[in-house]
Structures are given as C-alpha cells and as structure tokens.
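Here are my notes on this one, as numbered points.

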Amino acid sequence: MLYFSKWKAFAILAVSAIICLMVVPSLLPSKVYDSLPGFLHRKIVLGLDLQGGSYIVLQVDAGELRKGRLEQLRDDARRVLRDAKIGYGGLNIQGDSVQVRLRDAKDGEAALTQLRTLAAPIGGTLSTSGQLDTDVSLSGDVISITPTATGIQSRTIQAVSQSIEIIRKRIDQLGTTEPSIQRQGADRIQVQVPGLQDPSRLKALLGQTAKLTFRLVDTSMSAQQALQGRPPTGTEILYSQDNPPVPYLIEQRILVAGEDLTDAQPSFDPQTREPVVTFRFNTNGARRFAEATQANVGKPFAIVLDNHVISAPVIREPILGGSGQISGSFTVQQANDLAILLRAGALPVPLQVVEERTVGPGLGADSIRSGIVASVVGAAAVAIFMIATYGLFGVIANIAVAINVGMIFGVLAMLGATLTLPGIAGVVLTVGIAVDSNVLIYERIREEARAGRSAISAIDAGFTRALATILDSNITTFIAAAVLFYIGSGPVRGFAITFGIGIITTVFTAFTLTRLMVAFWVRWRRPQRVPI
C-alpha cells in the first residue's frame with residue numbers, strides 16, 4: 001500500500017494540481033477572465049443569496065387556459081359541423097361548456113359522432129390510460145362539449161413545460177449568467193436570476209404572453225361609433241398602448257401570426273432615427289404576408305401584441321420580401337425587450353406573478369463574509385485539533401484536507417456550477433468528513449503499532465484495513481446526498497451537489513494523496529516508531 005511508482009505518483013499529483021488550478025479563473029477580474037482562451041472559460045457562479053438578484057414565482061392563469069380551450073373547442077366544433085354539412089342554430093360558450101343547438105334533432109347521433117373526434121387521449125395518442133380530455137354528450141337537440149378536470153390539469157402541466165423553455169430563451173437573451181428556472185408544484189414556475197437587480201424589467205419580460213398577430217383595421221365605421229353602438233360581426237375593439245389609449249376597430253381574422261417569425265432585432269428607423277423592431281418571416285409567413293398586403297393596398301392593418309395595438313400603418317404597397325419593421329414610439333430598452341419576446345416566441349398561456357423579491361448585493365456580500373468566517377473558524381479548529389492529536393501526521397492530514405477543498409471548488413468551476421450559501425455549508429461539512437477519514441486511518445495505525453507491528457508495517461496495515469470502513473461510510477453518505485439532490489430543490493440541491501462532490505474528493509485524497517505524502521515521509525525518514 002505504501003509503494004508508488006513514479007508514474008502513479010506523478011499522475012496523483014498532476015490530477016490534484018490541475019483540478020485545484022481550475023479555481024483560478026473564478027478568482028480573476030472580469031477583464032482578465034474574458035481574455036483567457038475559450039477552454040478556460042469555466043468559473044464558479046455565485047447564487048442569488050451570494051451576489052444578489054431577482055426571484056419571481058409565476059403561476060399559470062387557469063381561467064385563461066380554460067377560456068382558451070373553450071374557444072378552441074368552439075372553433076373546432078364549427079369547422080367539424082360545417083365539413084359534415086350538419087346544420088345548427090346556435091354555437092356558443094356557456095359556463096364551462098360549448099353548447100351546440102342543432103336545427104334538426106335527427107342529426108343528433110351523426111353530430112355526436114363527428115364532435116367526439118375533438119376529444120383527445122390524455123397524455124397523447126400513445127397513452128394507455130383510456131381517459132379523454134373532453135366530454136361530449138347529447139341531450140335532446142343540444143350537444144354539450146366540456147373539457148374534463150383531468151384534461152385541464154394535463155394541459156396545465158404541458159403549458160408549464162412549454163413556458164419553462166420559452167422563459168429560458170427570454171432570460172438567456174438578457175445576457176444574465178446561470179438563471180435557475182424550475183417547476184414548482186403543478187402550475188407554478190420559480191425563476192431566479194443572480195446579478196439582475198431590476199425585477200420590474202424581469203417581471204415585464206416574463207409576464208407578457210407575446211402573442212403577435214397582424215390583422216386588418218375595419219374601416220366600415222369608426223372605433224367611436226363601434227363603442228357607442230355594436231361592433232360589426234367578426235370585429236372587436238382593441239386599444240393602443242398610448243397614454244391615453246386609442247381605440248381601434250380590428251377584424252378578428254388573423255392575416256399572419258407571430259409563429260411564422262424567424263427573427264426579430266432592435267434597430268433604428270433610417271428616416272426618423274427612432275428605435276424600431278425589424279422582423280423576418282419564414283417561407284410560409286412571407287407568402288401569407290405578401291398575399292395579405294397585395295390584396296389590401298391602401299387599407300390600414302394593425303400589429304397586435306397581447307391584444308394591444310402596437311401600430312396601425314396603411315399598406316402603401318405590397319410587401320413581398322418577407323420582412324418589415326414595427327414602430328411605436330419605443331425607447332431603446334423597449335425595442336430590445338420586444339425583440340427578445342418575439343424571438344423567444346409566445347407563451348402558451350398567460351402567467352401571473354404570485355411572488356417576487358430582490359436580494360441586494362450588500363446582503364449577498366454579508367452572506368459571503370459570514371460563510372468565509374464560518375469556514376475559516378471551522379477549518380482552523382479542525383487543523384489545531386489534528387496537529388495536537390497526531391503531530392506530523394496531523395499536518396499531513398491538514399494539507400490533504402486543504403487540497404481536498406481546492407479540488408471541490410475546482411470541480412464546481414469545471415461544471416460551471418452555482419455556489420450558494422447552503423453549498424458553502426456543504427464544503428464546511430466536507431472538511432469534517434475528510435478529517436474523519438484521516439482519523440480512522442491514524443487510529444487504525446495506532447492499533448497496529450500497539451499490537452507489536454513495526455512502524456512501516458503498522459502504517460501500511462492502517463491504510464489497508466481502514467479502506468473498507470471509509471468506503472462504507474462515504475458510500476452511505478453519498479447515497480444520502482444523492483437522495484437530497486433528487487428530492488430537494490433550490491438551496492437543498494446546492495448543498496447536495498457540493499456535499500456529493502466533497503465525498504468523492506475525500507475518498508480520492510484519503511487513499512491517494514494522504515497515502516502518497518506518508519509514503520514519501522516513510523521513504524525519507526525510515527522511522528523506527530509511529531509518530532502518533
């Protein structure tokens with residue numbers, strides 16, 4: 001156990017040194033760090049509780065989700081009945097159902113068969129549960145189409161999953177580092193953005209659905225006349241974002257939707273020098289946009305974002321290039337944020353902010369200071385105890401523990417992990433576990449020496465026979481850390497990650513680095529007795 005070939009000794013020292021050196025980029029100033037080669041761009045990111053930032057919890061708007069599902073069922077029912085040439089006298093939303101009143105009750109079974117095609121299996125076509133997301137029933141000449149509770153719940157889960165990806169795209173384009181975006185319960189999303197001190201901008205960015213549509217402005221009457229009377233069928237009143245807001249009479253028919261956008265960038269209008277957003281459509285969107293502008297030259301059309309009219313220019317000539325620009329008296333930041341929203345795509349359902357808070361950098365600095373003080377005091381107490389109890393071997397153990405801590409931070413830097421205050425607690429706890437491994441080895445060496453073995457034989461036997469005990473204790477501890485990581489979230493996961501990495505590096509240093517240093521000392525001094 002005490003023999004090391006030159007290559008093995010070199011490999012142990014090289015691995016330890018390289019991993020410890022990975023911490024260095026995290027300690028460098030930003031300018032120096034940016035000048036490093038790409039493969040060295042690995043650093044430890046401080047969490048929300050250490051560097052400050054914004055924390056927001058978003059919740060799926062269940063009412064809007066149900067409303068959207070009912071409107072979709074209404075439109076689909078109209079299409080299905082029209083294709084099947086089944087007459088109906090009424091088709092509208094009543095409460096939590098879509099009600100279809102047939103003109104002829106004899107068409108009831110045929111209509112029921114057609115409308116049941118709107119119900120889909122929960123979990124997709126591959127689902128084996130047999131449950132459907134919609135209930136379709138017939139009573140006399142009225143058919144009721146009702147989304148089931150399980151179906152709404154399934155759509156909520158899907159909406160949360162889709163929203164997480166869209167939120168991630170939006171935040172990534174803000175240029176922030178290591179945001180944490182994760183599901184919280186069935187219908188909530190927790191967002192943490194370290195380093196972002198403007199929660200109002202984050203809230204505005206995440207709270208918008210960003211559903212963009214291009215529609216015609218109805219010129220058959222003015223918006224004021226529509227407000228005083230009744231808007232024509234197929235139109236609605238929408239308002240601009242001006243102060244005071246300006247009403248527009250907008251056709252409900254969508255010419256082109258935001259789903260056909262491939263890019264959106266902030267820019268400046270070459271004539272007015274005002275901030276604008278330029279956009280580009282995909283092939284399908286460019287074709288539809290060209291057809292719409294060709295057929296409506298001289299008519300105003302509205303650019304609508306989340307049911308607000310951004311602008312309503314007049315189509316002067318056909319727009320055939322598949323690109324254009326949106327203007328609306330934007331500031332530079334508003335234009336940039338709108339471009340981010342359009343590039344990331346629309347949320348499947350509105351999200352409500354149910355909790356928000358900001359952690360200031362001063363509080364984060366206090367947390368770092370407290371964590372450093374706790375770490376230094378704990379490490380100093382452990383180091384004094386080891387030296388007082390085991391003398392020279394205690395010094396060797398302290399060196400191994402220091403390298404162990406350096407390796408923990410090195411691995412965190414290599415992974416680009418986020419360090420939180422509970423993570424620092426995990427490092428401090430690892431120091432105790434690392435020392436515990438050395439205590440087991442040294443106590444075993446003492447027992448072997450008391451049993452009459454020579455110094456070298458006792459040291460060798462101590463390392464050999466302590467191996468199984470240390471492996472057992474660290475494996476069970478690692479399992480506990482893995483369970484914490486799997487079940488926990490947020491700070492608990494931060495603790496579990498650093499603790500788990502610390503267990504692995506502890507086993508490595510106890511049975512390679514500590515043993516290598518002891519082996520060097522034995523070869524150098526050839527001791528006649530064990531110095532502990």
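1. Let's start with Ile445. Leaving aside residues up to four places away in sequence, Ile445 touches Phe393, Ala458, Ile459, Gly462, Phe463, Val530 and Ile532. Keep in mind that this is a predicted model.

2. Ile445 also shows up in the largest nonpolar core, which has 46 residues. Along with Phe393, Leu412, Ile441, Tyr442, Ile459 and Val518, Ile445 touches the most other members. Two or more residues each come from α1 (6-21), α12 (361-390), α13 (392-415), α14 (421-450), α15 (455-487) and α16 (491-525). The top contributor is α13, with eleven residues.

3. As general background, nonpolar side chains in soluble globular proteins tend to be buried together.

4. On the overall make-up, I see 16 helices and 19 strands. Of the 532 residues, 42% count as buried. Taking contacts between residues at least 6 apart in sequence, 68% join residues at least 24 apart.

5. Now the dimensions. The radius of gyration is 33 Å, whereas a compact globule of 532 residues would have one near 24 Å. The C-alpha trace spans about 105 × 60 × 40 Å along the principal axes.

6. Last, surface and charge. The accessible surface is about 27100 Å², and carbon and sulfur atoms account for 56% of that. On the charge side, you've got 49 positive and 42 negative side chains, with the centres of the two sets 9 Å apart.

Terms used: Residues are numbered from 1 along each chain as its sequence is written. This is a predicted model: local features need pLDDT of at least 70, side-chain atom pairs count only at pLDDT 80 or more; totals for chains, interfaces and linings use all residues. Side-chain values use heavy atoms; hydrogens and water are left out. Helices (H or I, at least four residues) and strands (E, at least two) are DSSP runs, numbered from the N terminus. The radius of gyration is taken over C-alpha atoms; the globule rule is 2.2 Å times the number of residues to the power 0.38. Buried means under 20% relative accessible area, exposed over 50%, partly exposed in between (1.4 Å probe, protein chains only). Contact means heavy atoms within 4.5 Å. Accessible areas come from the Shrake-Rupley method with a 1.4 Å probe; for residues, only the protein chains shown count as cover. Lys and Arg count as positive and Asp and Glu as negative; His and the chain ends are not counted. The place of a charge is taken as NZ of Lys, CZ of Arg, CG of Asp or CD of Glu. A nonpolar core is a set of buried Ala, Val, Leu, Ile, Met, Phe, Trp, Tyr and Cys residues joined through side-chain atoms within 4.5 Å.
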